[in-house]
Amino acid sequence: EAGAFTGELSPVLLADAGASHVILGHSERRGLFGETDEGVNRKVAAAFRAGLVPIVCVGETLAEREAHQAEAVVLRQVDAALSGHEHLEGLVLAYEPVWAIGTGRTATPGDAQAMHAAIRSRVAELRGPSLAQALRILYGGSVKAANAGQLLAEADIDGALVGGASLSAETFAPIVQAAR
């Protein structure tokens, strides 16, 4: 939570700098830096203690999807993120299939909806229907103007976590319009 750790930021520093939200468990952190489910869980607690809203990313690799393990992998990540926390109000989950991030490939709206519904159902099992219904579940993974409207029309997709398309007003503005 504090200290000089080169390349890392403490949640207290983020809050002091004016941040209100923090992305945790992104596939790049998990894949490139070895971040574990347990580490994400600890960061969720630290974010809440610092007054930040955690946006917890969950998602499967292409190999896990092709082995028909996608839902099991994602629900394991959800279980780990929620475990042991008394209060989770405000928590945001973001389903980001790793195989779709930056590849131009996107889950179909139906596939994305199915995973979002499974996530919401798991949260209802673990923490009750009230939290599950209040929970915002975002979709991320090559969201762009051409697919944002269809993705955001799905019942359990509450918004988008936009990556590369947010780097230019020209590509981001149509996504914002689709969200309205």
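Ser142 lies in the loop that joins strand 4 (136–139) to helix 8 (145–152); helices (H or I, at least four residues) and strands (E, at least two) are DSSP runs, numbered from the N terminus. The model is predicted, with pLDDT of at least 70 needed for local features and 80 or more for side-chain atom pairs, whereas totals for chains, interfaces and linings use all residues. Residues are numbered from 1 along each chain as its sequence is written, and side-chain values use heavy atoms, without hydrogens and water.

Ser142 counts as buried because its relative accessibility is 17%, where buried means under 20% relative accessible area (1.4 Å probe, protein chains only). Beyond its neighbours within four places in sequence, Ser142 has contacts (heavy atoms within 4.5 Å) with residues including Ala100, Gly102, Thr103, Arg105 and Asn147.

## Largest pocket

The largest pocket has a volume of about 620 Å³. A pocket is an open set of points on a 1 Å grid over the protein atoms alone, where a 1.4 Å probe fits, with protein on both sides within 12 Å along at least five of seven lines; lining residues have an atom within 4 Å of a point. The volume is the space filled by probe spheres set on the points, which are joined across faces, edges and corners.

Its lining has 26 residues, with Glu8, Leu9, Ser10, Leu24 and Lys43 nearest the centre. Helix 3 gives the largest share of this lining, five residues. By type, the lining of the largest pocket comprises 13 nonpolar, five polar and eight charged residues; Ala, Val, Leu, Ile, Met, Phe, Trp, Tyr, Cys and Pro count as nonpolar, Asp, Glu, Lys and Arg as charged, and the others, Gly among them, as polar.

## Second largest pocket

The second largest pocket holds about 220 Å³ of space. Among its 15 lining residues, Glu96, Leu161, Val162, Gly163 and Gly164 are the closest to its centre.

Notes:
Buried means under 20% relative accessible area, exposed over 50%, partly exposed in between (1.4 Å probe, protein chains only).
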